[in-house]
Structures are given as structure tokens and as C-alpha cells.
Amino acid sequence: MIKNIIGRLAYFFDRISLTQKFLITTVTIVFGLLFLMNIMIYQDFKNFIIKSEQESFDAKFRNILMSKTSLYVYRNLWNEYIDFSTLFNSLDFEPELIDIVVYDNKGKRLAVKNSKQLLSLNNESDGLKIALKGENFYEIKHIDKVESAHYLMNIKNVEYVQEIYIPVVFSGEIKGVMEVYKNATNVIHNINHVRVRASIFTLLGFIAYIFMLYLVVKKIEEREIALNEKVNQLEKISLLGQFASKMAHELGTPIHVILGNADLLLEMYEDEFVKERAESIVRQTSKMKTIIKNYLYASKKPDPNIEEFNLKVLIENLIQDISFTISDNIKITYSTSDYDIVSDRGFIEQILFNFIKNSADSIGADNGQIEVKSIIKKPIVDISVTDNGKGVPKEVIDKIFNPFFSTKKTGKGTGLGLSVCKELAEALKGEIYFESNNKNTTFGIRIPVNYYEA
């Protein structure tokens, strides 16, 4: 079972992204270090308390033994006939004192300060063995791990006990051993309180660290995704450029043939209907050349062909030509000034053609209206297309000008229209914009009235 769990974790770890692997690994390592630090805090505090207590108690006890009375009474071998009450009374000042036991140099109990029944018990404690060899022993234990636990448990408010074994040495000879029991419950509780506070602050810091690390990793992943998308777009644009270049070469000859025949019709026939149709063929075929040329610009910045032309005539011709390609239930109107501007005619035609086609697609089979409008506010001309279709969903607003992004069904759009329009508007030293609400959607461009004066 454990093997299966490890295998699943390894499989999961192998499938996640590099940044997620970094996050999980870092969090695991830091959590392990914090856990070890928490344990070390407890042990270090405990050892510090024990060491401080050892140094303090050892100094006090040596001073008591070196007093004139103690020196005279206790310098001989200890036995059951010695009165240890003076020594007991000298240690009454010790805080949290529970009991004192005196041993001879063989480890036999000779006297007990409080609980006399301890005299009948044998002591097999490691602390006593160490003290009989001439070394001090200090340790804090839980009450149920102390040799005299049964007796100590009868004392109220005692959970942890400090055991102290001190050998009594005169002239290099061990005379006996003093065992002191002290209540260390408050000490351990204080250590635990410090440990809890340290753990809380450590945990808060750890959470803050994870949160900051998560934000960093998320940002890295977002940039990684954005870079991957950009690389994919560049690859597609490169392929598009190659395709458009080949298409321009392949379609060049038939387009020239169509233009030649249309010009011939204009020369041969005086009939107005024929001339209008022939002129429409010339405009549309010329537009095909322009569109192919502009799509070649998808892989590089456009180089506009600047000339002076009448904006109103351009819009009227465009609406006349495009009206044959959209549904009869859609009404196209326009409002524009009779004004000459200096810009690229083909660029503006293609931009407006895309705007109108998108508006028609948004309206679909419903009854709708499209309005083309131009407003001159020198040195800028604002040209816009407004429709009462379905609008632009909020979730795709930031993506509509990205190459190859489309909300249309497969086969209905390439996702290049608005992207190319943006490139063309910027090539004219202008900008593209859009506004969308529940009733109307507007796409437009703002470009200089005179390209050379911008």
C-alpha cells in the first residue's frame, strides 16, 4: 500500500510544472526545518534551565557543606546515626522543594526530609549511580518516569519533577549523596508557552512565506504561459507569412487578368450599368491585391502607401460593394463629412471592411443596423462602425486583438482580422479602440488627417 502511495505521488510530481515542483519542494524543506527548529527550541530551553539550575544549586550546596557546623558534622563517613536535620533545614530556602533524600557512599538511604516511607525502598536510579562515581546529575522528568513516582503523585500540582543528585566529597573521598526533588512543572509550562508562541509566530511566518512564494510562482507561471502563447503566435504568423507570400505569387497573374478585362470593359461599353459593374470589379480586385499585401504584413510592420483621397467617397464605395455580401435584414447607414485626408486608402478600406463584417456576424440572422461614422477633429479623424448585435463578452475583451483569437465557430474566422486592423491603424500613426455595452458595440480608429503632419 505504501509503495502504491509513493508511486502515485511520484506520478503526480512528474506531471506538474517545474514551478509547481519548485513550490512543493521548497515548502516541504522549509516545513521540515521549522519542525526541527521547534523541537530544538524545547530541548535548548530545557537544557538551559537545567544547566542554570545546576550551577546555582551546586554553588549553594557547596557553601552549606563548607560552613563550620556542616564541615565538622559531615566530614566523616555518613551513616544512619548522623542527624541530617541541619542539612535539611539549610535547604528549606530552595524554591519548589519537594523532598530531600540522603544516601551513604554505597547507595543506601539514610534519611528523608518529608516522606519517611522512602527509606524502605531501594534506589536503582542512573542518577544515583552517576553521583556515586563523583559526578553531578540533573534531569527534568515527567512525574510518572521518576523512581518515587507513587509518592510524588500524592503531591498536588506536580506534573514535572527535577531530580538532582550531588555527591558529597571531603578530601577526595565520596562520603555520600544528596538527592533533591524539586517541582519543575512551572518551568516546563513556561518553556511550553514559549514554544507555543514561537510555533505560532513561526507558523504565521511560514504561511506568509508560502503565500508570497505562491504569488511569485503564479507570476512565473503566468509569464511562462504568456511566453508560450507568444511563441505559438509567432510561429503561426511565420507560417501565415509564408502562405501569404506564396498566395500572392500564385494569385498575382489571375488578378492582373481580371483587372485587364475589367479595364477593357470600361473602354468598350458606354452602358452605365456595365460601367458600374466593371468599376466594382476593378475596386474589388484591387482590394484583393491590397488584402493579400496587408496579410503579408502580419509578420512585419506595414509600410503604408500614402496618398490624398476623399473619405466620404471611400466609405460610400465600400458600403456599396459590401452590401452584396451581408444579409438583407441588416441595414447599413453612414454619416461622414465630404473631406479629403492624406493616408493609406487600402489600409482604411480593409479596417472598415473587417469592422462591418464582424458587425454583420454579430447581428447574425436577426434584424439589425450598422452605422459607419467619421468625425473630423483636426488633426485627428475618428472613423467608427457601430452595430446593435450581441456585443463582446467580458471574458474575451483582453484577447480580441491577439493574433488567431476568434469567438467565431471553426471555419467562420481566422482570428487575424482585428489583429491585422490594429497593425494597420498603428502603421497610420493612429490607434484602434472599441466600446461595448448591452445595446451597441463600436469599433473604430483614430488616425491623423494628414499622415505627414502627425
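**Labels and their grounds**

Guide: Over residues 410-415 pLDDT stays under 50, and the model has eight contacts for them beyond four places in sequence. Here pLDDT is the predictor's confidence in each residue, from 0 to 100, and contact means heavy atoms within 4.5 Å. This is a predicted model, in which local features need pLDDT of at least 70 and side-chain atom pairs count only at pLDDT 80 or more, while totals for chains, interfaces and linings use all residues. Residues are numbered from 1 along each chain as its sequence is written, and side-chain values use heavy atoms, with hydrogens and water left out.

Visitor: What pLDDT does the protein average?

Guide: The average is 78, and 81% of the residues score at least 70.

Visitor: How do you know that strand 3 and strand 4 pair?

Guide: Two strands pair if DSSP finds at least two bridges between them. Strand 3 and strand 4 (residues 160-170) have six bridges, in the antiparallel sense, so they meet that definition. Strands (E, at least two residues) are DSSP runs, numbered from the N terminus.

Visitor: Why is one side of strand 2 and of strand 3 left without a neighbour in the sheet?

Guide: Five strands form an open antiparallel sheet in the order 2-1-5-4-3. Strand 2 (109-112) and strand 3 (137-142) stand at its edges, each with a single partner strand, so one side of each has no neighbour there.

Visitor: What makes the peptide bond between K378 and P379 cis?

Guide: Its omega is about 5 degrees. P379 is found in the loop between strand 9 (368-377) and strand 10 (380-387). Most peptide bonds are trans.

Note on methods:
Helix = DSSP H or I, 4+ residues; strand = E, 2+ residues; numbered from the N terminus.
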